[in-house]
Amino acid sequence: MATIHFNKEGFDKAITSGGITMVDFWASWCGPCRMLAPVIDDLANKYEGKAVIGKVNVDDEQALAMQYGVMSIPTVIFFKDGKELDRKVGVMPAEAYTAILDANI
């Protein structure tokens, strides 16, 4: 399954779906975001049916970025039952994300 690209409505629905949701806040002009993109896509495939994994383009959804205090990108925020569970700022190895996903599935 491809990574989901969230707008405000899709984002709100995903984070309140009851499971774990991983959201990458990114922008097309951000070099580190482009470096992280293949990792996010791989995780979306690996966790299909277990977790919702998506992206929010901060240029298109500035209000969401502000609402969640995203000051640097990439920022990956994990949500469970509508609440923030954890966040990682900057490019991290896949294991940094899978540890949180595995512990909360």
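Cys 33 touches Trp 26, Ala 27, Ile 73 and Pro 74, with residues up to four places away in sequence not counted; contact means heavy atoms within 4.5 Å. The structure is a predicted model, in which local features need pLDDT of at least 70, side-chain atom pairs count only at pLDDT 80 or more, and totals for chains, interfaces and linings use all residues. Residues are numbered from 1 along each chain as its sequence is written, and side-chain values use heavy atoms, with hydrogens and water left out.

Cys 33 is found in helix α2 (helices are DSSP runs of H or I with at least four residues, strands are runs of E with at least two, both numbered from the N terminus). The relative accessible area of Cys 33 is 1%, so this residue is buried (buried is under 20% relative accessible area, exposed over 50%, partly exposed in between; 1.4 Å probe, protein chains only). Cys 30 lies in the loop between β2 and α2 and counts as buried because its relative accessibility is 4%.

A disulfide joins Cys 30 to Cys 33, with an S to S distance of 2.4 Å (the criterion is a pair of cysteine sulfur atoms within 2.5 Å). A search of the whole structure finds one disulfide. The torsion about the S-S bond is about 75°, so the disulfide is right-handed. An unreviewed UniProt entry places the feature "active site" at Cys 30 and Cys 33; such annotations may be inferred rather than shown by experiment.

In helix α4 (residues 94-104), the buried residues are Ala 96, Tyr 97, Thr 98, Ile 100, Leu 101 and Asn 104. These pack against α2 (31-46) and against the strands β2 (20-26), β3 (52-57), β4 (75-80) and β5 (83-89).
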